[in-house]
Amino acid sequence: MFYTSYDKIYIFSLDLDKWRVPAVSAEMGSACPGPIWNHTACAFESKMIVFGGFNGSVQSSDVSILSFSDDGGESYVMVFLKLRFLRSVICVLTIFPDSCRWSQPTYPLGAKPSPLSQHTSCLHLGRYMVVFGGYNTSNGHLNELWIFDLHALSWTSPEYFGTPPSKRRGHGAAIIRDKMYIFGGFDGTSHLNDLHCIDLHSFSWVLLDSKGGRSPRRHHAMEAVGDFLVVYGGFDGERYLEDVYSLNVNTSVWTCWHILRPTMSPLNNIGGNGTIFGRSLHTMTFAKRRLVVFGGVHGSRSLQDVLYLENVAGK
C-alpha cells in the first residue's frame with residue numbers, strides 16, 4: 001500500500017460551513033514540521049499542540065505548537081492533514097484566522113517519551129497534555145503514561161497504582177472530569193475491546209467491568225460528551241465499522257445508537273470523494289452541541305468529508 005504524507009493546514013468554520021487555507025510560517029529559530037501521520041494534537045488556548053507521529057521512516061518525539069492570532073469570534077474546526085489515506089487531527093478553537101505560525105518549545109533536559117506514533121493525547125485542566133500508549137519501531141507497542149505541562153514546557157512520567165492497560169496502539173482516549181478512559185486498540189496480535197480508567201489525581205488504574213456489546217477495534221474515534229464516551233467506527237481486522245456506541249460512565253453501560261443517515265452527500269468535502277460511513281483513522285470532536293467527524297479510510301479509499309452527528313448533547 002502506497003502512503004504519501006502531507007503537511008498542509010486547513011481550517012473549517014462550523015458557523016459558515018466554509019474551508020480556509022491559512023498562510024503558514026515559522027517563528028525565528030523554529031521550523032514547519034515535515035510531513036507526518038499518526039501524530040496527535042490538542043487545542044490549548046489559541047494554539048494547537050502537535051506531538052509525535054511517523055514520517056514513513058521513523059517515529060518522532062517532537063512537540064510543535066501552531067499559534068493563531070485572534071481575528072474573530074467564530075468557532076471552527078482546524079484540520080492538520082497528514083496522510084493520503086487520511087488520518088487527520090482535529091482541534092476546535094474559537095477564531096477563524098487567515099494565518100498561523102509554527103514553533104518548537106525549548107524545554108529543560110530530562111526524561112521525555114520515546115518517539116511515538118498511534119498514541120493518544122488528551123488535554124487535562126486546560127494545562128496538561130496526557131499521552132498514553134502507541135508504537136515505536138525499536139520498542140514495539142507501549143503502555144507508558146506521560147504528561148506534558150504546557151505552562152512549564154516539561155515532561156513527567158508519574159508513578160501510578162493498579163494495573164495499566166496492556167501495550168497497544170490505535171486505541172481511543174478521552175477525559176471526563178478528572179478521569180481518562182482508554183478503550184480498544186491493537187496489541188500486535190489481537191484487536192481489543194477492554195475499557196480502562198485512570199484517576200488523574202491519584203494516578204490509579206482500574207479495569208472497568210462495562211456492560212453491553214461493542215466489538216474489538218482499532219483506529220476508531222472516541223470523544224467525551226457530558227458523562228458519556230462516544231465511539232464511532234474503526235477497523236476490526238476484517239471490516240471497517242460504522243456503528244456508534246456510547247458509554248454512560250456512571251453506570252458503565254454501553255448503548256448502540258440508531259443513526260439516521262443524511263439524505264444527500266455532505267457538501268463540505270475537500271477531496272471530492274463521496275461518503276462511506278464505515279471508516280477508520282478518522283477524527284471526531286464535540287463542538288456546538290454536535291460531534292464533528294472528518295476524514296478516515298475505507299480500504300484503499302481516502303475519505304475527506306465532514307459529517308455531523310446531531311442531537312448528542314443530551315446523550
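Student: Is cysteine 122 buried or exposed?

Tutor: The general idea is a scale of relative accessible area, on which buried means under 20%, exposed means over 50% and partly exposed lies in between, with a 1.4 Å probe and protein chains only. Cysteine 122 has a relative accessible area of 8% and is therefore buried, whereas cysteine 256, at 45% relative accessibility, counts as partly exposed.

Student: On what kind of model do these values rest?

Tutor: This is a predicted model, in which local features need pLDDT of at least 70 and side-chain atom pairs count only at pLDDT 80 or more, while totals for chains, interfaces and linings use all residues. Residues are numbered from 1 along each chain as its sequence is written, and side-chain values use heavy atoms, with hydrogens and water left out.

Student: How many disulfides are there?

Tutor: A disulfide is taken to be a pair of cysteine sulfur atoms within 2.5 Å, and by this rule the count is zero. Cysteine 122 is in no disulfide, the nearest cysteine sulfur being that of cysteine 42, 6.5 Å away.

Student: Why is strand 4 described as largely enclosed by the rest of the structure?

Tutor: Strands are DSSP runs of E with at least two residues, and helices are runs of H or I with at least four, numbered from the N terminus. Strand 4 covers residues 40–44, and because four of its five residues are buried, it is largely enclosed by the rest of the structure.

Student: Which strand is joined to strand 4, and by how many bridges?

Tutor: Two strands pair if DSSP finds at least two bridges between them. Strand 4 is joined by five bridges to strand 5 (residues 47–51), and the two run antiparallel, with threonine 40 standing opposite phenylalanine 51 of strand 5. The hairpin that they form has two residues between the strands, and in this hairpin glutamate 45 takes a positive phi near 55°.

Student: Where else does a residue other than glycine have a positive phi?

Tutor: Most residues other than glycine have a negative phi, and most peptide bonds are trans. Leucine 153 is not a glycine, yet has a positive phi of about 55°; its place is in the loop between strand 12 (140–149) and strand 13 (154–156), and with a relative accessible area of 22% leucine 153 is partly exposed. Histidine 219 likewise has a positive phi of about 55° and is found in the loop between strand 17 and strand 18, but at 11% relative accessibility histidine 219 counts as buried.
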